[in-house]
Amino acid sequence: MTSSNAELVRSYLSALNQLKQGDELAAYFHPDVVQTEFPNKITPERVDRDIAAILDGAARGAKILQKQEFTINNIVEGEESLVAELIWRGTMSVPVASLKVGDEMVAHFACIFEFKDGLIFRQRNYDCFEAF
């Protein structure tokens, strides 16, 4: 993919892989962004996050993960939106359920992105975690 939206998403995922936080992460988002996470094993109820909540979540994630990696399986792009099929792997720095420090949590994500002014304006995540 060579479009600016696909490049933006690839760069955003790279920043997440590097556990970027604060202004480095905020640079990818429109000021009026809404990120929606639909119910899953980690988040049992739908959550809508604004930029402050997104950045808070990134900071919390950096405390419980040694590292994380998003691998892109597929990107399907429309004129104003993009769907990314991803595999996420996170190496734990704290125990979570049956996972010990150093164990890996794995999830399959479908993310729908909408853009405004060249930035991520809406993000909807459908996250499916493997058993842990």
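Student: How are residues numbered, and which pLDDT limits apply?
Tutor: Residues are numbered from 1 along each chain as its sequence is written, and side-chain values use heavy atoms, with hydrogens and water left out. In this predicted model, totals for chains, interfaces and linings use all residues, whereas local features need pLDDT of at least 70 and side-chain atom pairs count only at pLDDT 80 or more.

Student: In what order do the six strands form the open sheet?
Tutor: Strands are DSSP runs of E with at least two residues and helices are runs of H or I with at least four, numbered from the N terminus. Two strands pair if DSSP finds at least two bridges between them. The edge strands, each pairing on one side only, are strand 2 and strand 3. The pairing is mixed, and the order is 2-1-6-5-4-3.

Student: Over how many bridges do strand 5 and strand 6 pair?
Tutor: Strand 5 and strand 6 form a hairpin with two residues between them, and Asp-117 in the turn has a positive phi of about 55°. Phe-109 has Asp-127 in strand 6 as its bridge partner. Strand 5 and strand 6 (residues 119–129) run antiparallel, and the number of bridges is 10.

Student: Which residue of strand 2 is the bridge partner of Gln-35?
Tutor: Strand 1 and strand 2 run antiparallel and are joined by three bridges. The partner of Gln-35 in strand 2 is Arg-49.

Student: What angle does the direction of helix 3 make with that of strand 1?
Tutor: Axes are lines fitted to C-alpha atoms, for helices over the stretch in contact, and angles run from 0 to 180 degrees between N-to-C directions. Helix 3 packs on the sheet and touches strand 1, strand 2, strand 3 and strand 4 (contact: heavy atoms within 4.5 Å). The angle with strand 1 is about 60°.

Student: Why do the buried residues of helix 3 line one face, and within what arc do they fall?
Tutor: Buried means under 20% relative accessible area, exposed over 50% and partly exposed in between, with a 1.4 Å probe and protein chains only. The buried residues are Ile-54, Ala-58 and Gly-61. An α-helix has 3.6 residues a turn, so residues three or four places apart point the same way. Taking directions from the helix axis to the C-beta atoms, the buried residues of helix 3 line one face because they fall within an arc of 65°.

Student: Which residues are exposed on the other side of helix 3?
Tutor: Cover over the buried residues of helix 3 includes helix 2 (22–26) and strand 3 (65–77). On the other side, the exposed residues are Ala-52 and Lys-63.

Student: Is Gln-123 buried or exposed?
Tutor: Gln-123 is found in strand 6. A polar contact is a pair of N or O atoms within 3.5 Å; within protein, one must be able to donate a hydrogen and the other to accept it, and residues adjacent in sequence count only if both atoms are side-chain atoms. The side chain of Gln-123 makes such contacts with the side chains of Gln-35 (3.2 Å) and Asn-125 (2.9 Å). With 3% relative accessibility, Gln-123 counts as buried.

Student: What distance separates the C-alpha atoms of Leu-86 and Asp-50?
Tutor: Leu-86 lies in strand 4 and is buried, with a relative accessible area of 1%. Leaving aside neighbours within four places in sequence, its contacts include Leu-13, Phe-70 and Phe-109. Leu-86 and Asp-50 are 36 residues apart along the chain, and their C-alpha atoms are separated by 22 Å.
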